Amino acid sequence: MSGDGNGRVKRPHPMKRAQAGPGPLRDLKDLLYELYEIAECPTLDEITAKIQETDNDDLVINGAPRRDTIRRYIASPEVPPSQADTVAIAVALARLAPGAWDGRDSEGDLVRRVRKLWIEARRYAPAGLPVKDAVDPRAFEVHPAIDAGPPQDGTPLPVLPPYIERAHDLPLREIVQAAAAGRNQVAVLVGSSSTGKTRACWEAIRTLPGWRLWHPINPTPAEAFLQELPSVAPHTVMWLNEIQQYLDGNETDAGERVAAGLREFLRDPRRGPVLVLGTAWPDYWTTLTRSSAGPDPHARNHEPPSDPHAQARKLLSSAQLIRIPDSFTPQELQTLRSAASTDPRLEEAAIRANDGEITQYLAAGPALLESYHAAGAAAQAVVHAAMDARRLGHGPYLSRAFLKRAAWGYLTGSQRDRLGDRWFTGAMDDCTEFIRNAPGMLARKTSPPWQTADGELYRLADYLEQYDRRTRPLRSAPTSLWEAASFAPTPTDQVALADAAEKRQHRRRARDLYTLAADAGDPVAMTRLAWLHRFSGEPQDAETRYHQALRRGIADPYDRSSILGSLGDLRSEAGDLPAAEDFYRGALNAYPDNSAACEGLMRTLELQGDHDGADAIALAASAADHSSPFGLLAKLVELRCESGHPESATAVAVAAVRTGDTSGLLKLGDHYTNSAPEAAEAFYTQAAEHGDTSALYQLASLREKAGDLDGAEAYYRQRLEGDPDDWSTLTSWARMREDAGDLDGAESLYRQYLEGHPENGYISAQLAKLCEHRGDVEQAVVLYERAGDAGTALLELGRLHEQTGHQSSARELYHRYLSKDLFTENSSFLYRNRIQWRMDGGDLAGALTMCEVAVEVLSQKELNEDIAEIVTELGRLRERIGDNAGAEDAYRRAAEGGNSSAVWYLSRLRETSGETDTATAIERDGLDGDHTTQDD
């Protein structure tokens, strides 16, 4: 050891704890490190000396590890090779701190514990398999290539043709290198079907031979991920091909739990490094990452919107996105031609592929489409049944019995009359026939991960699945498909189809399918049925189903907590507050972060007169989540104000200020805004004095309503001084001036802001509207063009082009607004608003143009729910011009696409046509109540 210059010996730095993944190996390493810390981090020489002190009569220590071995056994994540050496190190460490070890295990107990953990660690198999042992790319869902015949020399060809590197391989390689260097990495390759996403990942991981490859799929990808994640070791590639199977839970919370679990995994330094590789089609990526439309920042009386992919979006926001183009570049094509002589498959693709779509050709994509279009009626019926089943949420594997029952409804009467006895067998032969050595329209899975009645499952070619989503987005599924659900291979598939039926307002069918799955023992189906009973006015049946689900044994604490919380809600609604309290407490015991149960318990205590208990819950939540306008404190204040106890509401709001939460003061201000503006202003002022700048906006609004524009301007100015970039406040200030007739003053505010923020397109668009209002259309066009893609500038510019007769330019601008990179849930809302405003203003032709463009563009983007919302507006438009038949058709298509409001409009249409009974049935049963629907 070296000295410090003063004759004192410097001790080396303590060893670091081994970064092992969870399991017996981590437990063993933690035990060794705990002993090491208890012994006050002795040097390697001290540990070695203690081991060497033993004599031949010592029956405990019979190992003799060297210094380097001791270091590896304590600080390295590897499994110790020798049990004797492991025991020797543990006992030596315990003997180095005999006093500190007193009262713990005896030496004999310690030896037995170490030996047991060592055996378990040696036997423990981490998730996945070594990358070097993953030799068949087809097992990891890499598309096999077409058969172009053998090469001229007759040499057998490998499964895949030689790989042609493309532009996206460079960033992917850098990501893999970063993982190999010890840093967690998450990458998602996004592109259309058969563009080479999975093949690129397969080639990239070849540089990680010492790693493991984990591809969870059984019983379902999400379930397998959740079950096996604890056994994932460091240096593992997480192979999440078709990442939506893991993150989008078919309206269950499984996807969100996968995302949350993976986020937590990545935060734990002891679990890494890992490399997460995912692939997705563009529409799935959009669904998982698009932001929900948030509430107006100044509107405090609205609950936050539903956000079904909040965890997935947070996970993917930190992922590295790699876009995969559909086509090879000219340079990549040149590289391909140079390599084509080595493989006849590449040679054929280089000659025959259209538009540079090489990977699609190699995966037989064009040939699949040719087979699909040339197929007979029966084979097409089978493929259409598979397409619709997948679009409606069924898992990737469909049973033979399901396809047979479902396909019948896709045939016309005359087609059925011409069928022979073996029609289905012939159709399946056509569908499963290989195309150029690649799987056909349906691929048979002969060894399914779960067994079905006839042992055969089939998967639709994903190239056809994506083609279907782009060309048949709002097709109505026939009755036969819903009836075929009884032959779905798993209750999970039945629940998925029931979810689709319920979402599309086929309420009777949904209930029947949930019942089928529930009777098969599926707890998710039981909870779905309970929900339907609850909101159909059948609380007792709902409670029965919830209890049935609990008896099945809900392992997941979140799911169990949700059910207990729902039972608490039902008991509360029935007036049984003590029972409700018990259920809410049970829910929180199962999952302490259940905010709904926490709110339910708070409300129940408040209603039972336990105000101190309610205060404690609200204040605890307040301390953890300061000033949330949707937090428990604000809700408790609102509850007390509504129940006539403003004094106690004020007391708890003031108490929360000490923790930095001003949401109670703001809620009190909201409560008194109309009835006692002076009191409201006092509460808002208190909130502002405690640093809540949102209160300044409320104060400005109060001053404006009172006619004190100077006072309002002072508050707006104060807020902008605190945040000069706050364009939202500036817009409110300018609009106040506009409403007061001070157009010059409003324009001055906009132009002053743009001097410091010339890139802000939203303010440019606001100034453009002001110029348009003043009649300066030419200047408005300039400003809208300057605003670019911000806000609704493109829509306003399109409207101006329409008004000047430039219809094609207007349509082009609407296309641009609806483009993939710009379109979000909020912009969908704004687009629909513009349609509604134009309808309300009598501009039916303009509204029709916007509807047509939206359906055209969004059909290509595969955002089916957005299409359905636009088609609903198209139905309203048809109804306005007296085209009831067109309106009915639009409402039905929209409902089938998942828009629930379309059913209400259809019911109203029936009622105005004098069909009162049918209208009532539609309100009760959804589309199942419309007896004019043609059955198959």
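Mentor: Helices (H or I, at least four residues) and strands (E, at least two) are DSSP runs, numbered from the N terminus. Keep in mind that this is a predicted model, where local features need pLDDT of at least 70, side-chain atom pairs count only at pLDDT 80 or more, and totals for chains, interfaces and linings use all residues. Residues are numbered from 1 along each chain as its sequence is written, and side-chain values use heavy atoms, leaving out hydrogens and water.

Trainee: Which residues line the largest cavity?

Mentor: Glu242, Trp281, Arg390, Pro396, Arg459, Leu460, Asp462 and Glu465.

Trainee: And how many of those are nonpolar, polar or charged?

Mentor: The lining has 3 nonpolar, no polar and 5 charged residues. Here Ala, Val, Leu, Ile, Met, Phe, Trp, Tyr, Cys and Pro are nonpolar, Asp, Glu, Lys and Arg charged, and the others, Gly among them, polar.

Trainee: Is glutamine 505 buried or exposed?

Mentor: Buried, with a relative accessible area of 8%. Buried means under 20%, exposed over 50%, partly exposed in between (1.4 Å probe, protein chains only).

Trainee: Where does glutamine 505 lie?

Mentor: In the loop between α24 (491-503) and α25 (507-519). Aspartate 355 also has a positive phi, near 60°, but aspartate 355 is exposed, at 67% relative accessible area.

Technical notes:
On a 1 Å grid over the protein atoms alone, a cavity is a set of points where a 1.4 Å probe fits but cannot get out, and a pocket is an open set with protein on both sides within 12 Å along at least five of seven lines; lining residues have an atom within 4 Å of a point.
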